[in-house]
Amino acid sequence: MFDILHSASAYALIIVVGAVCSHTGFIKSETKNVFSRLLFNITLPCTVVYSFVGFQFDASLLLVSAVSFAATVVGFGGAMLFTRRRKPEDRMIPTLMGFGYNIGCFALPFISSVVGPTGVVIACMFDLGNTILVSGGAYAIVRTCRAKGVELGTKTLTYEVNLSALRME
């Protein structure tokens, strides 16, 4: 138990130090972009590939993806239910972006250090079920609702997605 708390504390400290350095200007914007690209393009893919070395597929892992998909559907449905009385432009962000799980940046490093490669494989299978809605499934549902007369603010969504894509580059 102490090892898990120690690892969690170390990761939390790294996040806090990074946030403080970023907000105080100690780390410049160009440096943040380099670190971000290293993390997303090298470190996380290498962690996943390393974890799948010697992996033997077990059909029970598909249950993890099914549970993840079900949890994401419940979150999406809950977001639609709780925002049903809002204006369409106010429903968009909670409905389309309020129910996903961020496995890559935060969970994988922690899971890798605490549980090891088996934990990373299970986390990736969980992410597989989550990805179905997060990577376009929810948008397709919203577009279908809009076509049937249920307005959810998809014009604003397209604008927001385009702006966020510009900020990431």
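P117 is partly exposed, with a relative accessible area of 37%. This residue belongs to helix 6. The model is a predicted one.

What does P117 touch, once its neighbours within four places in sequence are left aside? Its contacts are then Y50 and S51. T47 is 70 residues away from P117 along the chain, yet their C-alpha atoms are separated by 8.4 Å.

Now to helix 2. This helix covers residues 29-51 and includes V34. V34 is partly exposed, because its relative accessible area of 48% falls between the limits of 20% for buried and 50% for exposed. V34 also takes part in a nonpolar surface patch. F35, L38 and I42 make up the rest of that patch, which covers about 380 Å².

| Residue | Relative accessible area |
|---|---|
| V34 | 48% |
| P117 | 37% |

The largest nonpolar core holds 8 residues. They are F76, M80, M92, L96, F99, L133, A138 and V142. Three helices each supply at least two residues of this core: helix 3 (61-82), helix 4 (88-97) and helix 6 (117-147). Which helix gives the most to this core? Helix 6 does, with 3 residues. Another core lies apart from the largest one. This other core has 6 residues, including I103, V120, A123 and C124.

Terms used:
Residues are numbered from 1 along each chain as its sequence is written. This is a predicted model: local features need pLDDT of at least 70, side-chain atom pairs count only at pLDDT 80 or more; totals for chains, interfaces and linings use all residues. Side-chain values use heavy atoms; hydrogens and water are left out. Patches are made of residues with over 30% relative accessible area and no salt bridge: like charges are joined within 9 Å, nonpolar side chains (Val, Leu, Ile, Met, Phe, Trp, Tyr) within 5 Å. Accessible areas come from the Shrake-Rupley method with a 1.4 Å probe; for residues, only the protein chains shown count as cover. A salt bridge is a side-chain nitrogen of Lys or Arg within 4 Å of a carboxyl oxygen of Asp or Glu. Helices (H or I, at least four residues) and strands (E, at least two) are DSSP runs, numbered from the N terminus. Buried means under 20% relative accessible area, exposed over 50%, partly exposed in between (1.4 Å probe, protein chains only). A nonpolar core is a set of buried Ala, Val, Leu, Ile, Met, Phe, Trp, Tyr and Cys residues joined through side-chain atoms within 4.5 Å. Contact means heavy atoms within 4.5 Å.
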